[in-house]
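Keep the structure in view as you read.

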Amino acid sequence: MNAAVVGAAAGAVLAIVAVTLGFWAFVVVAVFMLVGALVGRIVSGDLDVRRLVDVLRGRRSSS
């Protein structure tokens, strides 16, 4: 699956939740989707946790 298909599926899920369950359910589902995406990237090795923590703390290095 490419990024466009995944994005369209995520948008469809969020739209259905927003229409059927309301705004706060939409927010909760969106947050869980974001957390799931981050965990997936960490597990697959696409995201370095140490660098992410350093960026969030304001430490940036050129290396």
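In this predicted model, helix α1 touches helix α2 through A10, V13, L14, V17, A18 and L21. On the α2 side, the partners are A25, F26, V29, A30 and M33. The contact holds 11 nonpolar residues, with no polar and no charged ones.

**How the helices are arranged**

- Helix α1 covers residues 3–21, and α2 covers residues 23–44.
- Their axes come within 8 Å and cross at roughly 155°.
- Angles over 145 degrees count as roughly antiparallel, so that is the label for α1 and α2.
- The crossing of α1 past α2 is right-handed.

**Aromatic pairs**

- The whole structure contains 2 aromatic pairs.
- F23 and F26 both sit in α2, 3 residues apart, which is about one turn of the helix.
- Together, F23, W24 and F26 make one aromatic cluster.

**Exposure of the cluster**

- Is F23 buried or exposed? F23 has 53% relative accessibility, so it counts as exposed.
- W24 is exposed too, at a relative accessible area of 66%.
- F26 has 28% relative accessibility and counts as partly exposed.
- F26 also belongs to the α2 side of the helix contact.

Technical notes: Residues are numbered from 1 along each chain as its sequence is written. This is a predicted model: local features need pLDDT of at least 70, side-chain atom pairs count only at pLDDT 80 or more; totals for chains, interfaces and linings use all residues. Side-chain values use heavy atoms; hydrogens and water are left out. Rings of Phe, Tyr and Trp (its six-membered ring) pair if their centres lie within 6.5 Å; planes under 30 degrees apart count as stacked, over 60 as edge-to-face and the rest as tilted. Buried means under 20% relative accessible area, exposed over 50%, partly exposed in between (1.4 Å probe, protein chains only). Helices (H or I, at least four residues) and strands (E, at least two) are DSSP runs, numbered from the N terminus. Axes are lines fitted to C-alpha atoms, for helices over the stretch in contact, and angles run from 0 to 180 degrees between N-to-C directions. Angles under 35 degrees count as roughly parallel, over 145 as roughly antiparallel, 65 to 115 as roughly perpendicular and the rest as oblique. A crossing is left-handed if the near helix is turned anticlockwise from the far one by less than a right angle, and right-handed if clockwise. Contact means heavy atoms within 4.5 Å. Ala, Val, Leu, Ile, Met, Phe, Trp, Tyr, Cys and Pro count as nonpolar, Asp, Glu, Lys and Arg as charged, and the others, Gly among them, as polar.
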